[in-house]
Amino acid sequence: MEEEASRFDDHAFVPMVSLEMNVAVFKSQWQFCDEITEYLSDILGQGHSDPARYANFLSVAANELIELAFRATNGRGTISFSLARSATYNRLRIAFPCDEEFRRKHVKAGSGKIQPGPNGGPDHTVTKSDEALLNNLATIFGAAIHIEKDGADRIGIIADFPSAEDFQ
C-alpha cells in the first residue's frame with residue numbers, strides 16, 4: 001500500500017458528495033454502516049455503463065472500510081465520509097476521531113501515517129486481520145488504501161478505486 005502513496009494527491013480530484021454525522025449517532029446502530037455504504041456506492045456508480053454492477057461491486061469494499069471505522073472510532077465528535085472523482089479514480093475518504101492511546105500505538109513517529117498493528121485493547125481494533133483486510137481489498141479492487149493522521153485526534157482512511165469497469 002505504501003508504494004501507492006503517490007496516488008493520494010488531492011489536487012486531481014473533484015468533490016462529489018460529503019456526509020458528516022455525530023459519532024455517537026453513527027455508533028448507535030450497526031445498520032448505519034449498510035445505509036451509508038448503499039448511499040455512497042450508488043453515487044460511485046453514476047456515470048458508468050453499468051452503474052448497478054459498479055456500485056454493487058464497490059459496495060463490498062466501502063462497507064468493509066465503513067465497518068472498520070465503526071469499530072475503531074472512540075465515540076466522540078464527528079465522522080465524515082466523502083467521495084471525489086478524478087479522470088481515472090474514485091476516492092472514498094472516511095475521517096473520524098480515535099483515542100490518544102490508539103494513535104500513539106499506531107502512528108509512526110514523524111510519518112503521519114497509521115500503521116495497522118496488534119490490537120491494543122477492546123477499543124483499538126486495527127488488528128493484523130484488519131491489515132490483511134486492507135491488503136486484500138487493495139488487491140481485489142485494484143485500489144490504493146492509505147491510513148493517515150487527520151488533525152490532533154482523528155485519522156483518515158483514504159481509498160482510491162479505479163473508475164474502469166474491468167473488475168475480475
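Start by selecting Gly47, which follows helix H2 and has a positive phi, near 85°. Helices here are DSSP runs of H or I with at least four residues, strands are E runs of at least two, and both are numbered from the N terminus. What you have open is a predicted model, where local features need pLDDT of at least 70, side-chain atom pairs count only at pLDDT 80 or more, and totals for chains, interfaces and linings use all residues. Residues are numbered from 1 along each chain as its sequence is written, and side-chain values use heavy atoms, with hydrogens and water left out.

**Helix H2**

Now select residues 31–45, which make up H2. How far apart are its end C-alpha atoms? They are 21 Å apart, which agrees with the 21 Å that 15 residues should span at 1.5 Å a residue. The expected span is 1.5 Å times one less than the number of residues.

Next, colour the buried residues of H2, among them Phe32, Ile36, Leu40 and Leu44. Buried means under 20% relative accessible area, exposed means over 50%, and partly exposed is in between (1.4 Å probe, protein chains only). An α-helix has 3.6 residues a turn, so residues three or four places apart point the same way. Show the surroundings too: the buried residues of H2 pack against strands E1 (14–22), E2 (78–85) and E3 (89–97), and against helices H1 (23–28) and H3.

**Along H3**

Hop over to Pro51, which lies in helix H3. Pro51 has 38% relative accessibility, so it counts as partly exposed. Draw a C-alpha to C-alpha distance from Pro51 to Ser41: the two are ten residues apart in sequence and 9.4 Å apart in space.

Stay in H3 (residues 51–72) and click on Asn63. Is Asn63 buried or exposed? Asn63 is buried, with a relative accessible area of 14%. Its side chain makes a polar contact with the side chain of Glu67, at 2.8 Å. A polar contact is a pair of N or O atoms within 3.5 Å; within protein, one must be able to donate a hydrogen and the other to accept it, and residues adjacent in sequence count only if both atoms are side-chain atoms. Not counting residues up to four places away in sequence, Asn63 touches Cys33, Asp34 and Thr37. Contact means heavy atoms within 4.5 Å.

**The core**

Select Phe26, Leu65, Ile79, Ile94 and Phe161: these have the most contacts inside the largest nonpolar core, which has 39 residues. H3 gives the largest share of this core, ten residues. A nonpolar core is a set of buried Ala, Val, Leu, Ile, Met, Phe, Trp, Tyr and Cys residues joined through side-chain atoms within 4.5 Å. Zoom in on Phe26, whose contacts beyond four places in sequence include Met21, Phe32, Ile66 and Phe81.

**The sheet**

Switch to cartoon view for the open sheet: five strands in the order E1-E2-E3-E5-E4, with antiparallel pairing. E1 and E4 (144–149) stand at the edges with a single partner strand each, so one side of each is left without a neighbour in the sheet. Two strands pair if DSSP finds at least two bridges between them. Pick out E3 and E5 (residues 154–162), which run antiparallel and are joined by nine bridges. Then find Tyr89, whose bridge partner in E5 is Pro162.

**Zooming out**

Finally, show the whole chain, with its five helices and five strands. Of its 168 residues, 48% count as buried.
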